[in-house]
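Student: Could we go through this structure together, one question at a time?
Tutor: Gladly, let us have a look.
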Amino acid sequence: MTHAREFNFDGLVGPSHNYAGLSFGNVASFSNVKSTSNPKEAALQGLAKMRTLAARGFAQALLPPQARPNFRLLRSIGFTGSDAEVISRAFREAPVLLSAAYSASPMWTANAATVSPSADTADGRCHFTVANLNNKLHRSCEHTQTARTLRALFADERHFAVHDALPPTPAFGDEGAANHTRLCANHGAPGVEMFVYGRAEFDAAAPAPKRFPARQTLEASQAVARLHGLDAQRAVFIQQDPETIDQGVFHNDVIAVGNANVLFYHQQAFVDEAGSLDTLRRAMAGVQAELVPIRVDTADVSVADAVGSYLFNSQLLSRANGRMALVVPQECRENPAVDRYLEILLASDGPIDELVTFDLRQSMRNGGGPACLRLRVALNDAEAAAMHQGVVMNEALYARLTEWVGKHYRDRLAPADLADPQLAVEVQTALDELTVLLGLPNLYDFQR
Ligand code: SUG
């Protein structure tokens, strides 16, 4: 069997990290609308997570931020003139559109793409489908840069295939890996890919949420599975419970997380809990893996506590000793019900025997926890050697990046600061330098 490791590609937080309240259905984004952010602290919190996990021996890399503001968007909707003129007119006439063009959202790389490792695909390559994120204006513009970035990192077509985003229409709403989990005996072996969808465009009988939007459709998940050449026996489509979407669970990764053969999930995660587990068990039998479900009961942790603490937006990481670490945000220790539950979980003789806690408050205030911040890419040794090496986290890169953040990032950004044309210049200067640091020339529009 091929040796493979799971890399986590964390989003490096950009210099204009801000809270714009753009995500209806994402409780944190809506509650922190128009508050002041601290981009420097946000970037350092993210880097600290990457550094700690890399130092622990986990394969860790990063995805660079996107250029901000998104002048492509602003110019396409009629703001013309110099960059400074575009910004000032957008701020005057449509400040919400300027904040969409300045959105921090590409930092949540779980939404960048869906990834199928080569052990699962028909042509034996690692496949990526860039997510169209078409449920939200501010996110629907990410895919152009995301495709360019992924193609720069995974350029070798003998090993990698990067597919463009699905057609940008509600029937194909696709939010990437946030609704995708791979279950397997180990990362190098064939696995079962579990796609969780919020609604089905062409099935009027399927339940749908009433209050908040379901961002992922069944049709999109099926299209991704086709593009990646997945074996029908090993692709499973499960519906998320729409009632939890209406309580703020805007992605499956806010209510469930899987790793290897373990599925850590909330009792109310799926429309049909027993049927979903059954389907998974049968599919996993085909890859000689036995499902180990860890169910969290509503009586122990309510959906509101899960959304407030982001317990399930944790990373479940396999350690060298065969056990697993759960990487959680600080908020989990501050929520009494969740903290109590975690003590019981650790004391049990299940697969999880360690808790790693991070302060990610700057990201959490926009509804992004540890799992939102990372894109999982399982790579065998040949693939890991073939990808771009400049983004792999180690002590030297960490030191260079913290220095770079210290030099370029502000420690306070209020909504009105987005009108300052100097901010756009600062962002471009910082990103221009970053591309040199990471060895990724001509990554951005403004460099072309
Ligand atoms: O899409 N927040 C993101 C958070 C994404 C979290 N990702 C996962 N769960 N995988 C979103 O709702 C808020 C931006 C703002 O309001 O400024 C935002 O886009």
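Tutor: First a term: a residue is buried if its relative accessible area is under 20%, exposed if over 50%, and partly exposed in between, with a 1.4 Å probe and protein chains only. This is a predicted model, where local features need pLDDT of at least 70, side-chain atom pairs count only at pLDDT 80 or more, and totals for chains, interfaces and linings use all residues. Residues are numbered from 1 along each chain as its sequence is written, and side-chain values use heavy atoms, leaving out hydrogens and water.

Student: How many helices and strands does the chain have?
Tutor: Helices (H or I, at least four residues) and strands (E, at least two) are DSSP runs numbered from the N terminus. Counting these runs gives 17 helices and 15 strands.

Student: Why is the chain as compact as a globular protein of that length?
Tutor: The radius of gyration is taken over C-alpha atoms, and the globule rule is 2.2 Å times the number of residues to the power 0.38. For 448 residues the rule gives 22 Å, and the chain is as compact as such a protein because its own value is close to that, at 21 Å.

Student: Which residues of helix H7 (residues 143-153) are buried?
Tutor: Across the chain, 60% of the 448 residues count as buried. In H7, the buried ones are Gln-145, Thr-146, Ala-147, Arg-148, Thr-149, Leu-150 and Leu-153.

Student: In E13, which residue is the bridge partner of Ser-318?
Tutor: Two strands pair if DSSP finds at least two bridges between them. Strands E12 (residues 315-318) and E13 (residues 324-329) run antiparallel, joined by four bridges. The partner of Ser-318 in E13 is Met-324.
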